[in-house]
Amino acid sequence: MTHNDKPVNGQDNPSFLDLLKQLPPVPPAPELDTKHPAGRLAWLRAAWKKSWEEGGFLYQRWQEVSEARHSSWHEVANWIKAAALFGGLSLIVLMLEAAGDIADATLKGLSTVPATNSGDSSGLWGTVDHPIRIFLADQAAHLAVAPAALYAFWQLTGLLGLVGGFFGNAGARIAWLLFGIGTLAMIWSAAPAGGRAAATGLAALMWALASIFALRGLSLRPIVHNHPPQYQFSPALHLHATLPAPTPARDDFGDESDNVHPLQR
């Protein structure tokens, strides 16, 4: 099969023109004459069937798709990598565009909600909720946002932190902790002076009870991993001493010349 591109990383880059080269250049039959529309259609149909036979262009591409499921990224065909990257980037762009539209619509909806700082201040929830409404209404007077939008955003943050923390998301749990600390600060600032401590303490208890679900499974105990050491240290003392070379033993009888009597020499 003909390939127009050079191999990259040991892989051949197939050309789509190979699909049109499955048949010989000369039509094998008069009905495949490419000068007539019917002949061109028959020629394309024959080329389509030929490409699906073993060794054809589409047959080999299908084989590469089947093998891609059991291969690593470096072993996958280049055209599959390009298609996957293009599809992934397109999906990310669409998701970002959709998320931007949703966020813009949500903020516009919150801004059009009529401002209100009222609420039932009776009951346990009212004791906690009413100071928050008053605090947000006072702060919104200095901002270009409606008090109801701030209140709705506060509720949304708490809901996302609670649900995300329940499923173990670390970012949601951080948001839940900041939500609780900010709520306690708002209640302490806006609650009546006579009942400030009681309202803040009640809010802290409610937040602690809700944290049972938001911080589910969180443990403060350090995680100890007992892994066997890769290298074992075996202390040993090695003494390197140099022994003197042994002196050759002297012969008791000495040399033969020593045994000759002086007068016999």
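This is a predicted model: local features need pLDDT of at least 70, side-chain atom pairs count only at pLDDT 80 or more; totals for chains, interfaces and linings use all residues.
Reading charged and aromatic contacts

Trainee: How many salt bridges does a search of the whole structure find?

Mentor: The search finds three. The general idea is that a side-chain nitrogen of Lys or Arg must lie within 4 Å of a carboxyl oxygen of Asp or Glu. One of the three joins Lys50 and Glu53, as described above. Another joins Arg61 and Glu64, with an N to O distance of 3.0 Å.

Trainee: Where do Arg61 and Glu64 lie, and how are they separated?

Mentor: Both belong to helix H2, which covers residues 57–68. They are three residues apart there, so about one helical turn separates them.

Trainee: Which residue forms a salt bridge with Arg133?

Mentor: The partner is Asp129, and the closest N and O atoms are 2.7 Å apart. Arg133 and Asp129 are four residues apart in helix H4, residues 123–140, so about one helical turn lies between them. Arg133 and Asp129 are both buried.

Trainee: What sits over the ring of Tyr151?

Mentor: The charged end of Arg133 does, at 4.1 Å from the ring centre. Arg133 therefore has two contacts to locate in the model: the salt bridge with Asp129 and the placement over Tyr151. Tyr151 itself is part of an aromatic cluster together with Trp154, Trp176 and Phe179.

Trainee: How many aromatic pairs does a search of the whole structure find?

Mentor: There are five aromatic pairs. Among them is the pair of Phe166 and Phe167, whose ring centres are 5.4 Å apart. To read the geometry, compare the angle between the planes with the cut-off: over 60 degrees counts as edge-to-face. The planes of Phe166 and Phe167 meet at 85°, so the pair is edge-to-face.

Trainee: What are the relative accessible areas of Phe166 and Phe167?

Mentor: Phe166 has 31% and is partly exposed, whereas Phe167 has 63% and is exposed.

Trainee: Which residue lies over the face of Phe166?

Mentor: Arg216 lies there, at 4.5 Å from the ring centre. Phe166 thus takes part in the edge-to-face pair with Phe167 and has Arg216 over its face.

Key
Residues are numbered from 1 along each chain as its sequence is written. Side-chain values use heavy atoms; hydrogens and water are left out. Buried means under 20% relative accessible area, exposed over 50%, partly exposed in between (1.4 Å probe, protein chains only). Rings of Phe, Tyr and Trp (its six-membered ring) pair if their centres lie within 6.5 Å; planes under 30 degrees apart count as stacked, over 60 as edge-to-face and the rest as tilted. A charge sits over a ring if NZ of Lys or CZ of Arg is within 6 Å of the ring centre and within 35 degrees of the ring normal.
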